[in-house]
Amino acid sequence: MIQSRRSRIGNALTYAAVIPLAAFFLIPVIWLVSLSVRTPQEVFLGASRLIPEAPTLANFGQVLTDGGFRLYLWNSVKLAFLGAAGAVAFAAPASYAFSRMTFRGKPALMMGILAVQMVSGLVILIPLYRYMDRLGLLETHFGTTLLYISAGIPVTVWLLKTSFDAVPMELEEAAAIDGLGRFETFLRITLPLAAPGVASALILNVILNWSQFLIPFVMLSESAKWPISVAIFNYAGATNATTTQLLAAACLVAVVPTLIVFLALQRLIVRALTSGALKG
Amino acid sequence: MNRPLIVSALALAIGGAPALAQEDMVTRDRVGPADAENALTFRLTAYDLYSSDEATATAFEELFIDFIEDNPGWRIDTQLQTGNLNQEQARMIEQAQAGRGPDCAMVDSSQLATYKAAGVLSPMNEYFTEDEVADFFPYVRDGITDDAGNILAVWWFTDLRVLYRNTEVVPEAPQTWEELKTAALETVDEGYEGVLFNGGRTEGTAFDWLANFWAQGGQLVNEAGEPVFYEGENRELFLEAVRYYEDLVESGAAPARVTSITTYDDMLAAAAAGTTALFVGGNWMYAQIQSTLPEEEAAKWEASELPGPTADQRATGTGGWTIAALTDDPEKVRMCAAIAKLYLGPGNAFQALLPTQASLYEEYDTYAGPEFEVFSAALENGQARPGVAIYPEISNQIQILLGEVMSGAAEPEEALDAAAEAVEAAYARQ
Amino acid sequence: MTATSAPRRAAAPPATGGGPAPARPLPWLLPVLFFIGLFYLWPIIDALRLAFTDASLLDREANFSLDAIGAMLGSAALGTVLRNTAVFTLGSVFGQLLLGLAIALLVVRGERNNLRGMLVLRTLVLAAWVIPGIANGVIWQMLFSEAPFGAINSTLRLVGIPPVAWLSNPDNAMMSAIIATVWQGTAYSMILLYAALRSIDDTLYEAAAVDAATPWERLWFITLPELRGALLVNAILIVIMTLNTFDVIISLTGGGPGRATEVLALYAYNTVFYNFDLAGGSVLSILLMAISLTLAAIVAMFLPRSGRP
């Protein structure tokens, strides 16, 4: 069929575009992997040793036996997930209101919510620091999580509003006729139907939280409470030319667990998106 | 307080590490028994007790364990600081003013003035005899005492900048700017990169370069602490030193990439890779060269005093770290002073850093090597950064200025005028 | 502190069939208002207050003063910094939008045709994103390193191309900073646009197929108009994020050489952390906020609302 020949050309073109793009995103990671299995001497030999002559896992060994790293990873997991869950939980009702209700000042309020995110974190952090200190929340994961939640809320409100907008109103109206209250409708009808959107919002938050640097850096001074981003920064400062390979290994250790988690979650989202739940 | 529980649960879950069953004397966040009745918080850098170099970490663990045994009933809660000096400093001062700072902390010598100005340091006078104080090098003593003569910190090691060369390529140590340029150009002819130095946006850029300004007798600030480097006689001396760097890059004696060099490690890496035969680095790099390069290669490297405009006009920037007490509790100040002494003597000797008291060079064998003769000779021309709160901004402007001149974005005069304007504006607001 | 729990108030059943119940948005909005009030508005008001003082990190006392505003807005460096910010933001935003759109389109097309490897591409893009900004700067510094053994330059040398001054040439340094930012940030646009693409009604394409529309026509007349909302929202979000980004730059170039890559956020950071000038830093960050707001408002004007074709 003509159709299939045309799509075969299309497929070839698709790959022709995909491969350089994939390379652009892959090469830095390959370089990182390559550095992480080199011996110090080979680090200085550049691209000619992309595949080292004597690859070694010793760098990972050294990073992983450092008890600190496991703790940093755990801290990251905890802060990122609690922060993400909090942001979604607190933003969802507001997003629903923005999606379904008409009230005075709605557009202004929505812009306002977006606008608060435009203040550069580094200056509001100093007033915040003094403030959190008075509340006794400095040096705690609880206080740090509250800030992660606040950091995530504005974007989450917008994202969730968009996915609630996509849920057909008719379903909710039917529920209302069945006598369900507004909050039950939201919980039982809208939220499950918007699950893919909620999941992506959650994941977005986890990723943004995973990279959070300034908040934990300012809030937490005990290294035992640090997430991995602060630890890596510190590690980069404490390593020297002879330990570039250790830094590379540490960066990978910081990234790989999340990658695995996201790979798993990614499939889930794709299935949810393609299951047709949204298309009605 | 259930953190150890989480740690052990996690350790079991991930690696099944059994070591935690028995209580460790040194962990990531403390030294000494967890249930000790007194606790001192100590904020330290990641270069010793928690060094990624195992030998260093082990040696310091032993030092600290001995220390705790000598001070029963005490525990040290350790807090690591990151390598970002400015951010760390801002955070620590903010914390100290909120009454939440560490009891005892390592402070970079160039930042001590800011801490003094913020009034957060407690005097340690009673823990040092007059002789001990007199034993400090004069510039060190000046740096750590306030107007009333109080000892506000212990400057436990100093450092300085020297010129490193691969003696196989450059047999004779260049003594003047001109000789360095000639020698560097010769190495370029032999396929090397030329002379390397910090030229990016980092404190090292300003500090290494300042030696060239100081060697001519230039002054950054006057007696009253007001910035004057862009006025009168200083202006010409400053421009001379800027043109020297500009000429190194323009002539090809230094590669254009120096404006992207922001750590001393970049130079060490180039030395290890064998791409350079000359670079400006810190004295501590001598030991790093020995441990990084194969023995045979390392033996080729030697340090010499930084070249000056003429052979007898020399200077070198001296820095290093201090330990200061931020607590008001006299018992904790005493402990902090004791920790400082731990670093001052045995801590230095192990790391082969440069102690700040003359007697220590006699006391430890570490300092018998020939390189220490070069270092102590160069220390004669040592210049500390001015202890004024405007210094960080002066340094910032020098980094910008050098980067712009060496990358061809600005001429020395206009760059200096812009820097002067920025420094004056910042000074007026302090 | 107890966090406000989600509102439990159930609205009365609709009075008239079909339409939603009368809006009582407040209980729904409370949790968000609580967080924003506490962790944004209050500190912003404090930052505004600080802008009108002589506050410094070194001194807890602060007095009313207009000096900070005059000094910051009158500073000679501000022009350069604003120009850098404009170049950096425009470059990063366009790069992320274009790459994100291209990848989302490719992945969607590939999935429709059951092509292998689309998951790999998507995962690679995501991988770049989960790398913390600080580590990103470290990685790209190794890649752009102009040392003879730097990743890209040593590769170029292997194939006989002269090395490039990625970081030491002022113009290239900005380009390098943009590349590193785009590398990391593209995932964000890709996800948003991917989700938007998947939710485009298939019947639109089926109709186009009946009309024998070319792929370009489909892109131009169906896909892009349908994506308009998502693209614009995406653009607003990226503009804001990019304007406030400096962790990649600080670990890649530190703002150098000279001032070539010093953007407004980094400049504000330096003002606070080099000068301890809290008031000046507050002035700059409020300026940053004003710029973000203006840009966002301009983009928002193009959002489809009523006049959708």
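This is a predicted model: local features need pLDDT of at least 70, side-chain atom pairs count only at pLDDT 80 or more; totals for chains, interfaces and linings use all residues.
Residues are numbered from 1 along each chain as its sequence is written, and chains are lettered from A and ligands numbered from 1 in the order in which they are written.

Start with chain B. Its domain 1 covers 21–158 + 319–379, and its domain 2 covers 161–316 + 386–428; these bounds come from an automatic or database domain assignment. The C-alpha centres of the two domains are 29 Å apart. Domain 1 of chain B puts 17 residues into the contact and domain 2 of chain B puts in 16, where contact means C-beta atoms, placed from the backbone, within 7 Å. On the domain 1 side, helices H3 (85–97), H4 (112–118) and H15 (370–379) of chain B each supply at least two residues. Helices here are DSSP runs of H or I, at least four residues, numbered from the N terminus. H15(B) has the largest share of that side, five residues.

Now chain A. Domain 1 is 2–36 and domain 2 is 64–274. Four residues of domain 1 of chain A are in contact with six of domain 2 of chain A.

Last, the core. Which residues touch the most other members of the largest nonpolar core? They are A:Cys251 and B:Ile323, out of 311 residues. A nonpolar core is a set of buried Ala, Val, Leu, Ile, Met, Phe, Trp, Tyr and Cys residues joined through C-beta atoms within 7 Å; buried means 20 or more other C-beta atoms within 10 Å of a residue's own. Helix H4 (residues 67–100) of chain A gives the most to this core, 16 residues.

Notes. Two residues are in contact if their C-beta atoms, placed from the backbone, lie within 7 Å. A residue is buried if 20 or more other C-beta atoms lie within 10 Å of its own, exposed if 12 or fewer, and partly exposed in between; C-beta atoms are placed from the backbone.
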